[in-house]
Structure formats: structure tokens, C-alpha cells
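Please read it beside the sequence and the structure.

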Amino acid sequence: MANTLQTTCCIVGGGPAGVMLGYLLSRKGVHVTVLEKHKDFFRDFRGDTVHPSTLELMHELGILEEFLHVRHQQLRSISGVVGGFRFKVADFSRVPTHCKFVALMPQWDFLNFVTENARRFQGFDLRMQHEATDLLRNSGRITGIMAQTPDGLMEIMADLVVACDGRQSRIRKAAGLPLAEFGAPIDVLWFRIGRHKDDPEQLFGNINYGRALVLINRGDYFQAGLIIRKDSFEDIKRVGLEAFRDTIAQIAPYLRDRVHELQDWEEIKLLSVKLNRLERWHQPGLLCIGDAAHAMSPAGGVGINLAIQDAVATANLLADGLRERRVTDELLQSVQRRREFPTRMIQAAQANAHKVFAQLFRNTGPVKAPWQLKAAVRIPGITHVIGRAVGIGVRPEHIRDARRSPAYRNERVAKIALGVGIAVGFVIAYRKLWGAR
Ligand SMILES: Cc1cc2nc3c(=O)[nH]c(=O)nc-3n(C[C@H](O)[C@H](O)[C@H](O)COP(=O)(O)OP(=O)(O)OC[C@H]3O[C@@H](n4cnc5c(N)ncnc54)[C@H](O)[C@@H]3O)c2cc1C
């Protein structure tokens, strides 16, 4: 006989979407139960970018200062090297947010920070080692989930189940929601390699010899990602580790003295890149968000940000309905309406980036930077435009009530007063000059 638990909102998955939604709903007085199948957040690399728009949400929530005390690196621009030609890709110095950088922080530190803050709210209940295995239904409506826990099976009854269980979502499958797959011609191999003090600072993409190597500065090591042709990992393994090390050294010669650190294929993890999207993100009693609703490619490093933006929109649109125990299909549909457009835009950009990478694989010799690239990087302001697109994204979300909080209001009043002061100053100066003539 399974144990039973009653909650208002059952969130399946303690990734960026799940913990953020748990935080925001419990902050609004909704009782939430967040289930995470692992015992902690310490897992393989899954991206560790916290974008300016997410940092702005922290500001709106009043926890930015505390967040910035957690160890992180600040990425103020992104650079690339194509066949020896170095250039800046994106510059975050003019994004219209308080933090003009991407914070690079291991995802487990980010998730621990959000959950620690969420525990301040009475309605927040995080259950680790709880794996959702199936959905519970009554008269065509989803009424909860079945979970495997350290104490055996548990039935969790809820007014709403939110699937935040990532790209392999079990809940999405159990619901039978139709998924459109867009395919991706690339996979990524992730591994760590030592970093020396005199290595290039914020170098991001290295393109040469038909490969692209992404290097993320993590202090004393690089988190490295080698972009390869789809399903070619087994071929690469067959050729051997020595050849793999040579490939790395060929693309980034300054790594030659430490490629020997890679001793075993176990240290090299494959990310099978996927790009897909649910046609319908909801059913009565169920909503899917984050990667469960739309698996993102790592191109541009925006999946975490998008998952968090989904969580913010969901909390903004559903918190009142959940508190009043009145979550209608129309409300669930409003979340999809709000978030589908930015998802489509970003996935279209990622599909284009995939095409560029696919072309790259055709030339396995040394690459020469094309003149079009050299001309494009000279367009005035282009790096700021890209910085804004990457850092803020499409249709950024805001914490609805925080924008009306006293701190936020005071800040806006101060800005308006400053603007009015400057305008009045101009008028007075103009009149004085005019009067003097
Ligand atoms: C190798 C790799 C590198 C990436 N790099 C970047 C990057 O640099 N920047 C970026 O923005 N994005 C990156 N991404 C994408 C990013 O990780 C995702 O887009 C983002 O994490 C989606 O967040 P999510 O909360 O929707 O899902 P996830 O982060 O996938 O979280 C899902 C959670 O649900 C849990 N779970 C799954 N099934 C169950 C179940 N049945 N019951 C209970 N819990 C369950 C999982 O353990 C997990 O904690 C990368 C992804 C990978 C795999």
C-alpha cells in the first residue's frame, strides 16, 4: 500500500525550471512539493551560465547581493577564433540590467542557492531521491503522480502537476503529449582540461580543422566542449584517445602540454544534442515547462535561462489560480501562449547555428576566416546587439509583484526624478543663455 501526500502543486524535477518555480510559487503562498530523483545536485556538467536576465530576476527578488557572494566568474564578453583570426562575438557591457555580465557558476551551486532561499517559505517542500514514475488520473484529469521514494511507493495528489523533468521527461511520455522533433546535426563531447594563468582569459569558441572547441574558464581548469558530427563518438573512440588528444592540441595549440590529462574515455561525456518542442504544453491538471516542453541545443548556452524564464511566467500567471484552487485549462494555455514565441525564436536561431557547424565539418583542413566574418565583426555596435540577444533573450520575464515592491518603486522614482532634474536643468540653462542674448 503506497503512502499518500496531498499538495497544491507537485513539481517534478529539481533542475533550474523546477527549483525556480518552487521558489516563486512558495513565495506567493502556494504549497509546493518539488521532487528530485537524485540525492543531491552534484552531477555531470549541464551548463553553468547565469545570464544577465536571470541576475535581474535576483535583483527583483532582493537576493542578488547574496547570490553574488557565491563563488563565480564574470563573463563580460564572448570571443571566438576562426583559423587564427580572433574577434569579439558578444559584449554584455550595455545590456539594460544591473549586472552586465554572465555569471559562470556550477549549476549545483546555483540550485543549492535557490533552494536554500526557498526554504524560508513555509509552503516549500523539496524531496530528494523521489522519482516520479507515473501519472494519476481521475475522469480524464491528472490528479497527481506516483513516486518511488527511499521509503517505497508514494502517491502525491495535487491540483496541478508541473513537469520540469528535462529533455527525457518521463511525465511528458506518460501524458502522451505529441512532440515535434527538429533534428540536430551535431553532438558535444564535454570534458575538463587544466587551465594556466597565462591562457587566454575569456576565449570561448575555437574553430579549425573541421571542429569547434568551446573553452569555458572555470578558474584552474577549462570546461571544454568539442562539437562533433552527430553520432560520430563511437568512430572517434575507435580511432583512439591519442588521436583525440591530438585533435584538441591542433585546434588550441596552447593545450598541447596538458592533453595527456585525458587518460580515459570515462572523462569524456557525450551530450546527444536535441532540438524539439511540444505541440501542446498542457493537459487538464498538467503543465510542461523548461526542457520537458522544449529541449534546447547548447548552442548559445541559453537553455537554463529559457527554463528559468518559463518558471517566472508560470508563477506570474498561475499563482493566484493555485492559491484559490482554480487552475483552469485557459490558465495553463496562457503559459504556452506567453512562452512559445521566445522558444520558437531561439530554436530557429539554434537551428541556423547547427547549419553553420554542419558546413564546418566539410573542411577538415586548416580554416581561413571568410571575408564576410571579418566584415561583420567590424559593424559598429554588432557585438552589443549580440550581447543583448544572448544576455536578455526574447521577451524577458519579470517578477510581477517585485516590480511594484517598495525597493523597486523607490529605484524607479529615483530614476524618474533624476531624468526630470536633468530636463529642468537643461531648460533653465537654455533660458539663461537665451535671456543673455
Ligand atoms: C552537457 C550539457 C551542457 C549544457 N550547457 C548549457 C549551457 O552552457 N548553458 C545553458 O543555458 N544550457 C546548457 N545546457 C542546457 C541546460 O542544461 C538545460 O536547457 C536546462 O538545464 C533545462 O532546465 P530544466 O530545469 O528544464 O531541466 P533539467 O536541468 O534537465 O532538470 C531536470 C531535473 O529533473 C530531474 N528528473 C528527471 N526525471 C525525474 C523524475 N522522473 N522524477 C524526479 N526528478 C526527475 C533530473 O534529475 C533533473 O535534476 C546544457 C545541457 C547539457 C546536457
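Which residue in β16 is the bridge partner of tryptophan 190? The bridge partner of tryptophan 190 in β16 is glycine 225. The model is a predicted one, in which local features need pLDDT of at least 70 and side-chain atom pairs count only at pLDDT 80 or more, while totals for chains, interfaces and linings use all residues. Residues are numbered from 1 along each chain as its sequence is written.

**Strand pairing**

Helices (H or I, at least four residues) and strands (E, at least two) are DSSP runs, numbered from the N terminus, and two strands pair if DSSP finds at least two bridges between them. Strand β13 (residues 186-194) is joined to β16 (residues 221-229) in the antiparallel sense, and β13 also pairs antiparallel with β17 (residues 269-272), where leucine 270 stands opposite leucine 189. Within the pairing of β3 with β7 (residues 102-104), valine 50 stands opposite alanine 103 of β7.

| Strand pair | Sense | Bridges |
|---|---|---|
| β13 and β16 | antiparallel | 9 bridges |
| β13 and β17 | antiparallel | 4 bridges |
| β3 and β7 | antiparallel | 2 bridges |

**Domains and overall form**

The chain is divided into domain 1 (3-48 + 106-181 + 276-359) and domain 2 (186-229 + 231-272), with bounds that come from an automatic or database domain assignment. The C-alpha centres of domain 1 and domain 2 are 32 Å apart, and 5 residues of domain 1 are in contact with 8 residues of domain 2, two residues being in contact if their C-beta atoms, placed from the backbone, lie within 7 Å. On the side of domain 1 that touches domain 2 there are 3 nonpolar, 1 polar and 1 charged residues; here Ala, Val, Leu, Ile, Met, Phe, Trp, Tyr, Cys and Pro count as nonpolar, Asp, Glu, Lys and Arg as charged, and the others, Gly among them, as polar.

The chain holds 12 helices and 20 strands. Its radius of gyration, taken over C-alpha atoms, is 24 Å, close to the 22 Å that the globule rule (2.2 Å times the number of residues to the power 0.38) gives for 437 residues, so the chain is as compact as a globular protein of that length. Along the principal axes, the C-alpha atoms fill a box of roughly 85 × 60 × 35 Å. Among contacts between residues at least 6 apart in sequence, 75% join residues at least 24 apart.

Of the 437 residues, 40% count as buried, where a residue is buried if 20 or more other C-beta atoms lie within 10 Å of its own, exposed if 12 or fewer, and partly exposed in between, with C-beta atoms placed from the backbone. Glutamate 324, in the loop between α8 (303-323) and α9 (329-360), is exposed because 8 other C-beta atoms lie within 10 Å.

**Around the ligand**

Of the 34 residues around the ligand, Gly15, Gly47, Gly166, Gly290 and Gly303 come nearest, a residue being near if its C-beta atom, placed from the backbone, lies within 6 Å. The elements that give two or more residues to this shell are α1 (16-27), β2 (32-36), β9 (131-138) and α8, and α8 gives the most, with 4 residues. By class, the shell has 15 nonpolar, 12 polar and 7 charged residues.
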